Amino acid sequence: MYKVEKLNELAKVVAAKRADNAALEPRRMTADEKDTLLASFHPDYKQDEFTVLTAGVNKGDKVPTQLAALLQGKSRISASDVDLSKPDYVTDVLIIGGGGAGASAAIEADEAGAKAMIVTKLRIGDANTMMAEGGIQAADKPNDSPAIHYLDAFGGGHFAAKPELVKKLVTKAPEAIQWLNKLGVEFDKEADGTMVTTHGGGTSRKRMHAAKDYSGAEIMRTLRDEVLNRGIPVVDFTAAVEIILDKNGKAAGAVLMNMETKELLVAKAKTVIIATGGAGRLHYQGFPTSNHYGATADGLILGYRVGAKLLYADTLQYHPTGTGYPEQIFGALVTEKVRSLGAKLVNIDGDVFMHPLETRDVTAASIIRECTERGKGVETDLGKAVWLDTPMIEYKNGEGTIEKRIPAMMRMFGKYGIDIRKEPILVYPTLHYQNGGLDISDDCATGVENLYAAGEVAGGIHGRNRLMGNSLLDVIVFGRNAGIYAAAKAKETAEPEGLTLEHIERFNKELAAAGISSETASPMLLPHYARKSK
Amino acid sequence: MDNMINVYLFGKKYQVPAGLTIMTAMEYAGYELVRGCGCRNGFCGACATIYRIKGESQLHGCLACQTEVQENMYVATLPFFPLEKKIYNIEDIKPDQQVMMQLYPEIYACVGCNACTKACTQELNVMQYIAYAQRGEYDKCAEESFDCVMCGVCSSRCPAGISHPQVAMLARRLNGKYIAPECGHLNDRVNEVNEGIFDEKIKELMTKSVDDIEEIKAMYNSREIEK
């Protein structure tokens, strides 16, 4: 039951129309309808929320205002703060970030015989990978193929992705699932071993593999266990604050900062992989986020300062179904799997207003339109929201489906007295994913030699919108890929010489020349949520 | 100010608005969290916490990000708990009873006090999954422990010194790799990809992606969608 009686009354309207709504097959929008909807209601189109960069390799490009402040912010160190000739760590492959991509890269680099090391500002596994609920795509069923997966991903991303990256994503997908399964990741299967797969928004085949609604957690904890079994060093609570280059301008390590003692440390490496994840905690346009605490775009800053280019940094994914109510879980992710299993989106009148499995950008824009222009949202003290009719799942698929397939969702709402088996839930878009990022080629190389990027921090794989289940896939496929290529490159690279942090002063001068004087410490490392006393 | 309540963070009293979680109450009180905060959504186990309501005997385990503050709540976070993780090569072990005896023999010292289950932040039947592990029933142990976030509160309460989350982790990997049925269509597809049977079709799409965007748009907009 909702603590606010008005919501219980409104939920009855939804219940009354459930049978009719369940039978309904809403039509999908035409390409033109989608374009108009996005241009009018998607946050990416709000021009006054973006700033044009005036310094660095993407000068002239627009990025979200909060990101611009960090990209053109102030380094946390000066070159004189550390002695680069006395490294605290020496390794072949330095991996910055302990999420799904970082862990996958570490395992593959280790497998290739390279000395790998992970540094992470929180703990290994404190990452968006851990929170991915719905699943991971792979075209492994007889009615599906990597080519069909290609078309879904490329079209869903508005034909903007880099073709060679989409190719790698879809053709390496089945192998990624097999690799995970052989590491011991449990997938939902039928008794004969057939994968239980469902649709996601924008998929034309049912290719979403899952481990209940703990898909990312199951993958991440297994990868973490494997990293530890292999004895790969993991330096936790230690953030990278600057990339170190060698005398030839190649990446050669990073300056690290102990998050608790603030001690600065030097890691020297033959190759460096940035796998720092996303940026939800920058709260673009004031949105809540489904992201973990450390999602502050650090990798974009690290790369940008040494000259790595950004691609599509102006496109963000607002997950259509963030929690709209109650306050304690406001903005938390309600997995798309809820809609994959048959729940529909419903407005205050109890009417279905769209097909529930359009792509995420279209669905988010449609919900925003319902709550603004059309005035059909449900008002709470947190703002407007629409209903996601979760009881419809059991109405269609039988009792017990919710507990078996989406136990995390049932638990999350259950803690606040809302039984999602019997009551619909309120949802509104939440900042979820950075579609763009560091521009990479299909070997995960950035434009800076010996500097690689993988996972959410990289851009170009998903174009301007990512499909559900292609992110978990991305972190595994490109995480492994980065580990393989960075290890191979490290083998043919001599011990780096002439380590330098000259780029800091160079970038400062460029900022000064552009008339920017910023005191914003960058990278941000963690958001500032502590209430300041009056 | 709306409804304020008293909470005791590490014994020190603070007044915070009712309705906050323990985590947001700490931030309201002025804490800049570094440890004890991860996903903030109940999946990572970073914010393991124990609490007791003043005047009551029962000690509770919870996740700070998922638990609402209560009046007179005494809170201590448990940002790190020394679990014992054994090292093994997943390729070399077998899903028999021996492996658990070798790696985690302390599970057989379980005294059946059920403190682990009572402390579980995910309301799992922890003692039951340890019993399955003792018997080598790893599929059941995997299922019973599936929602574990490895926060370690169970282990902090265990008189036998068992690292329950690590035992369950091993059981799930054994189940996922060796016990759960193998997937035929997955293996077939990996072989097909390696044989190159999709190469031509993919190449065609890649070429169109660059040279003939209108055609690929038409293909996308008219593609057949599985019901």
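This is a predicted model: local features need pLDDT of at least 70, side-chain atom pairs count only at pLDDT 80 or more; totals for chains, interfaces and linings use all residues.
The bridge belongs to the pairing of β13(A) with strand β19 (residues 437-439) of chain A, which is antiparallel and runs over two bridges. In general, the strands of a sheet pair through backbone hydrogen bonds, in either a parallel or an antiparallel sense.

These strands are part of an open sheet of three strands in chain A, ordered β13-β19-β21, whose pairing is mixed. Because β13 (310-311) and β21 (458-459) of chain A each have a single partner strand, they stand at the edges, and one side of each is left without a neighbour in the sheet. Helix α11 (residues 298-305) of chain A packs on this sheet, where it touches β13 and β19 of chain A. The direction of α11 makes about 35° with that of β19(A).

Attention now turns to the two chains together. Their contact takes 66 residues from chain A and 63 residues from chain B. On the side of chain B that touches chain A, at least two residues each come from α1 (22-29), α7 (164-179), α8 (184-195), α9 and α10 (213-221) of chain B. By class, that side has 32 nonpolar, 15 polar and 16 charged residues.

One helix pair links the chains. Helix α8 (residues 163-171) of chain A packs with helix α9 (residues 199-211) of chain B at an angle of about 150°, their axes 10 Å apart. The angle therefore makes α8(A) roughly antiparallel to α9(B). Pro163(A), Lys167(A) and Thr171(A) in α8(A) meet Ile202(B), Met206(B), Ser209(B) and Val210(B) in α9(B). By class, this contact has four nonpolar, two polar and one charged residues.

Note on methods: Residues are numbered from 1 along each chain as its sequence is written. Chains are lettered from A and ligands numbered from 1 in the order in which they are written. Axes are lines fitted to C-alpha atoms, for helices over the stretch in contact, and angles run from 0 to 180 degrees between N-to-C directions. Helices (H or I, at least four residues) and strands (E, at least two) are DSSP runs, numbered from the N terminus. Angles under 35 degrees count as roughly parallel, over 145 as roughly antiparallel, 65 to 115 as roughly perpendicular and the rest as oblique. Two residues are in contact if their C-beta atoms, placed from the backbone, lie within 7 Å. Ala, Val, Leu, Ile, Met, Phe, Trp, Tyr, Cys and Pro count as nonpolar, Asp, Glu, Lys and Arg as charged, and the others, Gly among them, as polar. Two strands pair if DSSP finds at least two bridges between them.
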